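Colleague: I am new to this entry and would like to learn how to read it feature by feature. Could you take me through it slowly?

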Amino acid sequence: MGARASLVEDLPAHPADWAAGLLRLAVPGVIDVVPAARTVLVRCGTAADLAVAIARFDDVVASIEIGASTETTVVIPVRYDGPDLADVAERTGRSVDEVVRLHVAAEYRVAFCGFAPGFAYLEGLPVELELPRRATPRTRVPAGSVAIAAAYSAVYPSASPGGWHLLGSTPTTLWDLNADPPARLTPGTTVRFEER
Amino acid sequence: MSFVVIEPGIATTVQDRGRPGLAALGVPPSGAIDRAIADMLNRLVGNPEDAAVLETAGGVRLRAQRSLVIASDSESAPRHLRAGDEISIAPGGVRQWHYLAVQGGIGTPLVLGSRSHDTLSGIGALAITAGTELGIARRTTDLVPVDVAPLGAPSTTIRASAGPRLDWFEGDALAALTTTSWTVVESNRVGVRLHGARIARRTAIELPSEGLVRGAIQIPPDGDLVMMLADHPTTGGYPVVAVVDDADVAALAQHPAGTTIRLRVERAGGDGAPNDGHC
């Protein structure tokens with residue numbers, strides 16, 4: 001990916017875990033380690049720094065095993081009254097109650113962030129709820145919207161355009177510039193939804 | 001306060017070196033599009049290179065409220081302003097992005113460690129309108145040696161290397177990229193869109209989202225090329241066919257819509273290093 005970055009694929013571990021393992025090695029000169037659906041992007045300031053980082057890739061798996069996550073699960077309260085809830089129920093052949101029950105029963109994990117600051121792609125969506133993105137995206141999805149698309153669930157941290165199916169909303173703050181880190185949901189965090 | 005905006009101009013924002021290192025949270029690096037010019041102007045006024053500057057597509061008019069040392073890319077040397085003096089930055093010229101540095105650096109609030117305005121998400125946004133007053137970050141009375149730094153026009157031959165998803169495209173995509181005349185159809189802080197030949201995809205399957213870098217050229221379904229720029233989305237689902245060399249990203253970004261450019265795409269890494277099996 002150019003002279004100063006490498007898009008690493010065919011990973012020996014989940015991208016979020018591999019990324020965490022690489023970060024734990026604290027290789028100097030690494031600027032960004034960006035996990036995504038099936039890859040991890042490693043970006044350095046110089047080609048020489050990238051060569052040093054690549055030389056450490058074989059040490060990443062061992063680094064993952066050393067640091068097992070002890071973070072608590074983030075529980076997100078949701079009012080399930082989203083504009084797409086009935087449509088999702090119809091398209092998945094279930095009742096609204098069943099859709100909510102399925103969404104709430106799952107345990108999710110942040111696979112990666114992207115699209116917007118603090119937007120976390122949550123793996124763990126029940127296969128019964130998998131639907132392609134909406135054909136026509138909305139020009140504005142309110143902050144706190146709880147959504148699903150393809151194999152992921154997500155909460156929009158700020159208002160933005162969006163093409164996911166909106167199941168409901170949460171008052172939980174997911175993006176706070178004064179917090180450290182500013183994102184409430186970061187790669188590897190486990191998440192559950194709760195009907196309120 | 002040190003100067004007041006009389007006319008805000010077009011796409012005027014405060015930029016510094018950006019906020020690299022937060023891509024895993026979905027935050028783009030942002031920062032001045034043409035770092036070489038911003039850095040040079042900062043040096044001309046005696047600033048460290050991380051001082052914040054004004055970036056604009058032109059039409060800006062400012063009035064100094066006290067004595068200031070400034071440098072802009074329309075002149076080759078720094079200038080001393082007295083209280084009441086005005087400075088204008090006209091749009092156009094060989095470069096579409098213009099810069100103004102002031103001794104001491106522009107002193108707007110730091111957000112996530114940077115004064116840069118990310119136009120994609122709004123992080124660091126500052127309303128710049130008629131009447132906006134801008135201050136200086138660091139008072140200094142350093143004497144600035146007179147220096148001259150004439151700037152050349154940005155190149156219309158843009159160097160790039162093969163991207164990680166070159167194999168998603170039909171035929172000899174590198175040759176097609178290199179032999180086509182590409183026209184800039186849209187250019188802003190998020191990306192530059194180029195129109196020219198349609199480079200066909202080998203497969204219709206969707207690419208799972210993956211990380212992006214400044215300079216990466218995606219090909220969305222409409223067949224145009226889109227080069228990621230300062231406020232680029234950190235992940236995307238369109239295949240990256242090539243990556244513009246870091247040294248040429250600003251050159252491509254500086255060409256206004258309507259400019260025709262050529263890409264010179266090499267198979268190897270941007271510094272000539274052999275591809276070692278990673279993308």
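Colleague: Among contacts in chain B between residues at least 6 apart in sequence, what percentage join residues at least 24 apart?

Modeller: Please keep in mind throughout that this is a predicted model. In chain B, 75% of the contacts between residues at least 6 apart in sequence join residues that are at least 24 apart. The chain has 3 helices and 18 strands, and 54% of its 279 residues count as buried.

Colleague: How does the radius of gyration of chain B agree with that of a compact globule?

Modeller: A compact globule with 279 residues would have a radius of gyration near 19 Å, and chain B has 20 Å, so the two agree. Along the principal axes, the C-alpha atoms of chain B fill a box of roughly 60 × 35 × 35 Å. Its accessible surface comes to about 11300 Å², and carbon and sulfur atoms account for 53% of that area.

Colleague: Turning to sheets, what is the order of the strands in the open sheet of 5 strands in chain B?

Modeller: In general, the strands of a sheet pair through backbone hydrogen bonds, in either a parallel or an antiparallel way. Here the order in chain B is β2-β3-β8-β5-β6, with antiparallel pairing. At the edges are β2 (13-15) and β6 (79-81) of chain B, each of which pairs on one side only. From one strand to the next, the twist averages 30°.

Colleague: Over how many bridges do β2(B) and β3 of chain B pair?

Modeller: β2(B) and β3 (residues 53-56) of chain B pair over 3 bridges in the antiparallel sense; Gln15(B), for instance, has Val53(B) in β3(B) as its bridge partner. Helix α1 (residues 35-44) of chain B lies across β3, β5 (68-72) and β8 (98-102) of that chain, and runs at about 30° to β8(B).

Colleague: For a helix in chain A, which residues of α5 are buried?

Modeller: The general idea is that an α-helix has 3.6 residues a turn, so residues three or four places apart point the same way. In α5 (residues 96-105) of chain A, the buried residues are Val99(A), Val100(A), Leu102(A) and His103(A). They are on the same side of α5(A) because they cover an arc of only 165° around the axis.

Colleague: Which exposed residues does the face of α5(A) turned away from the buried side carry, and what covers the buried residues?

Modeller: The face turned away carries Asp97(A), Arg101(A) and Ala105(A), which are exposed. The cover over the buried residues of α5(A) includes α4 (85-92) and several strands of chain A, among them β5 (108-113), β8 (145-149) and β12 (190-195).

Definitions and conventions:
Residues numbered from 1 in each chain as written. Chains lettered and ligands numbered in written order. Predicted model: local features only at pLDDT ≥ 70, side-chain atom pairs only at ≥ 80, totals over all residues. Heavy atoms only, no water. Buried < 20%, exposed > 50% of the residue type's maximum accessible area, 1.4 Å probe, protein only. Helix = DSSP H or I, 4+ residues; strand = E, 2+ residues; numbered from the N terminus. Arc of directions from axis to C-beta. Contact = heavy atoms within 4.5 Å. Pairing = 2+ DSSP bridges. Axes fitted to C-alpha atoms, helices over the stretch in contact; angles between N-to-C directions. Rg over C-alpha atoms; globule rule 2.2 N^0.38 Å. Areas by Shrake-Rupley, 256 points an atom, 1.4 Å probe, with all protein chains shown as cover.
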